[in-house]
Amino acid sequence: MESALEGADPASQILAAIVLVALSGVPGVLARRFVPGQILAAGMAAAASLLGLTGAIRTLLEHRTTAFSLAWTLPFGPADLAVDPLSALFLIPVFLVFGCGSLYALGYWPAAANRSTEPALTFFYGILAAAMAGLVVARNGVLFLMAWEAMALSAWFLLATEHRDPAVRQAGIVYLAATHAGTAALFVLFCVLRGVTGSFVFPAPHSLDPALVPATVLFLAALAGFGAKAGIMPLHIWLPAAHASAPSHVSALMSGVMLKMGLYGLVRTISFFAPVPLWWGGLILVLGAVSALAGIVLAASQRDLKRLLACSSIENIGIIALGIGTALVGEATGNVPLYTLGMTGALLHLLNHSLFKPLLFFGAGAVIHATGTREMDRMGGLARLMPRSALFFLVGSVAICGLPPLNGFVGEFLLYAGFFGEAVADPVPLLALSAPLLAVVGGIATVSFVKLYGVIFLGVPRCGAHHHSHLPDWRMGAPMGLLALLCLAAGIAPGPVLSLVEPAVGAFGMVPPAPLETLVPLGWLTLGAGMLGAAVILSGLLLMFRLKRTPAARGTTWGCGYPAPSPRMQYTGVSFADSLVRQFEGVVAARREGPAVAGFFPAPVLFRFVPTETILERVIMPLFRVAGFSFAFLRRLQHGRLHLYMLYILTTLFLLMVWAH
């Protein structure tokens, strides 16, 4: 089989894998017995993922570009497909996360216990992954929009799996409104592009001159349409509720992969132009900075485990946008090292995010199964109950904080080198605040995930024993273990991952990138990460060996002066992050409800902390209410009386005749 794969064209492997992914959920829908259908779907998903990953990696390593033209009868030009290094890089997360999620679903959402929802969930899971892979290889605007809409609708069906919950229905409505508003912007993009080029086929890279075409309209339409899908602020309003409401393996695919489709579309559109205007890079840089800072502040304020992870996705998308903006500034100013470090750091962080964020969502699913709740303040002490999941979750938490020796550190290190490294000549003043802002974002991320991990896994249960315990089996543990291992390997030895990223960097830019080894000390970086990783692993093994040989001594800890301390006196996530959240009240707008404690022997009182979304609740929803009030009179025209409708038509025709004369 290996020799057959080596002889096959990698692009043909990718197309075959896309078809297999799309069909993976069909057996479960048609099968009379659900369990074999789900197992067969997981087997097809594993085979498709292996086939697609092999083709994508070969395309990158061999620097291949393969084009296809499919025959169809639609009047929109040829249905062109192509696989180039930029497409192949975005295909890696699609196939990797889809394969891991399909195996994870066998334990997390088993068919035997979810007969009413599992067949549709498995079917649309495959459609979502196939649609994302299809839009990455599409080279016709109409074909791209078809795949885009299939992705949007299948994601809605997936997140609305538990539609009997009112919160899930509301999240689905907000998602539909946001995604179709973004799609409307993409209709503008491709219609204007067709007017410029005369065809819906994508123009060749760097073939459009911004001075000769309506480039501003095209760029702003792309930024609105693709930015809404990526979750760039202030177009992120659908993201926290949608990711929190979906099943955890769906959240992993949406956060780890679907958000990247917005970034892919934006990067692909920008690649049509040469030279790139400087203000394009500056605008993306500013939006990325706002998304990174505001996103992690929102994450720090959350009580819901999955909403915290969803908000942190906004932060990471902001970091990637920060890198893309830096690269565009470098390209516009002719600063090749700045372009190289910015785009390499952005694409590397994109790839790394597709490893540690699905790992965290898989871990969140295991935690929710064990506790029966998403409220972090009701958890505690889960490290004793599920030690392997606690270890995998710790790996993902360290990686997302950008700490060595995990993979999240490497991409951010390249961005730091681009912001104030000695290898970058003539630094741009616009980048002066990027390095300290990225440092602040990293610090808040560390606080957020120390809160998350400590409240969930350390201490003791805050609400008694977990009566709904459902410990993860190997089907849930294996994908988490694989992703954790990849996070560690990519952090200790980033060279192989960079070899996959570099062809995509070269395919995007108008100028060849500078050799990366001349800009950053990759050898010392690998050596330092390897030594740190070895020290951590060795320390862990020595601790385990010592604990096994030394009898454990049990005793009470200091009770802080309380005569009868209880588990409820532990720090909660709200109290841990309260001082930080108060510094950003304008972003979070948290509501604190409850009476003050008074007297020497106060009676029990109820306190509630409700983090809110400022942009959604204070800007967008009031606008919708004003619009609804303003157009309420139109409802009176729809009264069901046919003779009045005929009067409306005659009146309209009469007015048109008067206006014509």
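Biologist: What makes the pair Arg268 and Asp84 a salt bridge?

Modeller: The closest N and O atoms of Arg268 and Asp84 are 3.1 Å apart, and a salt bridge requires a side-chain nitrogen of Lys or Arg within 4 Å of a carboxyl oxygen of Asp or Glu, so the pair qualifies. The two residues lie 184 residues apart, Arg268 in helix H11 and Asp84 in the loop between strand E2 (79–83) and helix H5 (85–108), where helices (H or I, at least four residues) and strands (E, at least two) are DSSP runs numbered from the N terminus. This is a predicted model, in which local features need pLDDT of at least 70 and side-chain atom pairs count only at pLDDT 80 or more, while totals for chains, interfaces and linings use all residues. Residues are numbered from 1 along each chain as its sequence is written, and side-chain values use heavy atoms, with hydrogens and water left out.

Biologist: Why is Arg268 called buried?

Modeller: Its relative accessible area is 8%, and buried means under 20%, exposed over 50% and partly exposed in between (1.4 Å probe, protein chains only), so Arg268 is buried. Asp84, at 11%, counts as buried too.

Biologist: How do you know that Lys260 has no salt bridge?

Modeller: The nearest side chain of opposite charge, Glu315, is 12 Å away, whereas the limit is 4 Å. The side chains of Lys260 and His353 are instead joined by a polar contact of 2.8 Å, a term for N or O atoms within 3.5 Å of which, within protein, one must be able to donate a hydrogen and the other to accept it, residues adjacent in sequence counting only if both atoms are side-chain atoms.

Notes:
Lys and Arg count as positive and Asp and Glu as negative; His and the chain ends are not counted.
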